[in-house]
Amino acid sequence: MVRPGNVAASRDSSRRLGARRGPVALLLLAALAPATAVGQRAPQPVFTELFAYDPAVPSQLLAKWLISSQLDSKLQPLRVGVVADPSGKTVGRVTVHEGDGLDNASAAMLQARRYVCDSEGSRAAEMEAEPGGIVPSERAEIQVRSDRATGAGELVKFGQPVWYRFSFKIAGDWPQDLPAAGRTPCRTVIHQIKQDSFKGGNSCNASPFLKIEARPLGKEVRFFAQVAAGAPCAQPPMMMRAQICRRDLPRESWTTVQVRLNPADDASGRVDIWLNGAFCGAYQGPMADRDYGARRNGAPFINAQPRFGIYRDWRAETQTIYFDRIMFWNADPAGNPDWSVSPPPG
């Protein structure tokens, strides 16, 4: 039998124990709640490239990336690899020399060394106006590996939002073009995503539906993103191109690009871009080719997954670019330390 005095003592003891347990429980809940919230707010990336490879073994890149097939296989390890950055880590390095992956150059052009670009800017417009309209190009790029037959490894898909980021640095070896009257800075694509178009079994030479350029311009580079949509297979082609986030950026300095992309060939398409965390521009509307874009099992798909590197008009000078921290998410990464951006207006 329990005596009344013992019952009261027991109650006092329980109250004191509960008082001690209360703060402990609250501290435990406080410690667990942020971790759970952060976990919910910040999904992990589905693709990460930190370029943490041995510079002496550039082939390690090939586990995740394809190198431009137009580039001679003997040149690939010389043009694409990893190097030590002054920041103390390894980063990706892509270099293009004259003639690398050269496409569309006729024998006459080769003999005359009739470059599209030089220090006075681009001749692409006048060359396109000539009979045949040939504008030779060069490239050295890395492209995310995926299986075109099954879709395995694809990071960008129509109708599915994707968030991604990458950092890049323009080397000092880029030419310092000063375009002459009537000329523009020379085309220099550093990132692109593309759906090829075909009609009657022939390529229609579709433009990337999203590309980012860094064109040489004096001591800086002219940065912008461009969205393309329309009918490249029409005669003549009927295309719409919109530029967003146009900025002049310094060389030898790291810039971080963040993209929120909803690829679609109708009004639901959208692109938002940030530079170094600050909102830089947006596009709303269709992209790619609704009618003749590449298809798999009857459904349109993005057959040219993200590429990074240099795709440029033919010129004599060497150009080098560095990349770091390429990451893709298939859910909103807000709260992730690698996705820190100011919200877009509206």
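Predicted model: local features only at pLDDT ≥ 70, side-chain atom pairs only at ≥ 80, totals over all residues.

Me: Which strand gives the most to the lining of the second largest cavity?

Reply: Strand 4 does, with three residues. Strand 4 spans residues 90-96, and strand 3, residues 80-84, is also among the elements that supply at least two lining residues each.

Me: Which residues line the second largest cavity?

Reply: The lining consists of Phe51, Leu61, Val80, Gly81, Gly92, Arg93, Val94, Ile142 and Phe323.

Me: And how does that lining divide by class?

Reply: Six of the residues are nonpolar, two are polar and one is charged.

Me: How much space lies in there?

Reply: The second largest cavity holds about 40 Å³.

Me: Stepping back, how many cavities of 30 Å³ or more does the structure hold?

Reply: There are two.

Me: Then to the largest cavity: what is its volume?

Reply: About 70 Å³ of space lies in the largest cavity.

Me: What lines the largest cavity?

Reply: Its lining is made up of Gln195, Ser197, Ala206, Ser207, Phe209, Ala228, Ala229, Gly230, Pro232, Met239, Ala288 and Asp289.

Me: Where does the largest share of that lining come from?

Reply: Strand 13, residues 220-231, provides the largest share of the lining of the largest cavity, namely three residues.

Me: How many nonpolar, polar and charged residues are in that lining?

Reply: For the largest cavity, seven lining residues are nonpolar, four are polar and one is charged.

Notes. Residues numbered from 1 in each chain as written. Heavy atoms only, no water. 1 Å grid on protein atoms, 1.4 Å probe; cavity = no way out; pocket = protein on both sides within 12 Å on 5 of 7 lines; lining within 4 Å. Points joined across faces, edges and corners; volume = space filled by probe spheres on them. Helix = DSSP H or I, 4+ residues; strand = E, 2+ residues; numbered from the N terminus. Nonpolar A, V, L, I, M, F, W, Y, C, P; charged D, E, K, R; others polar.
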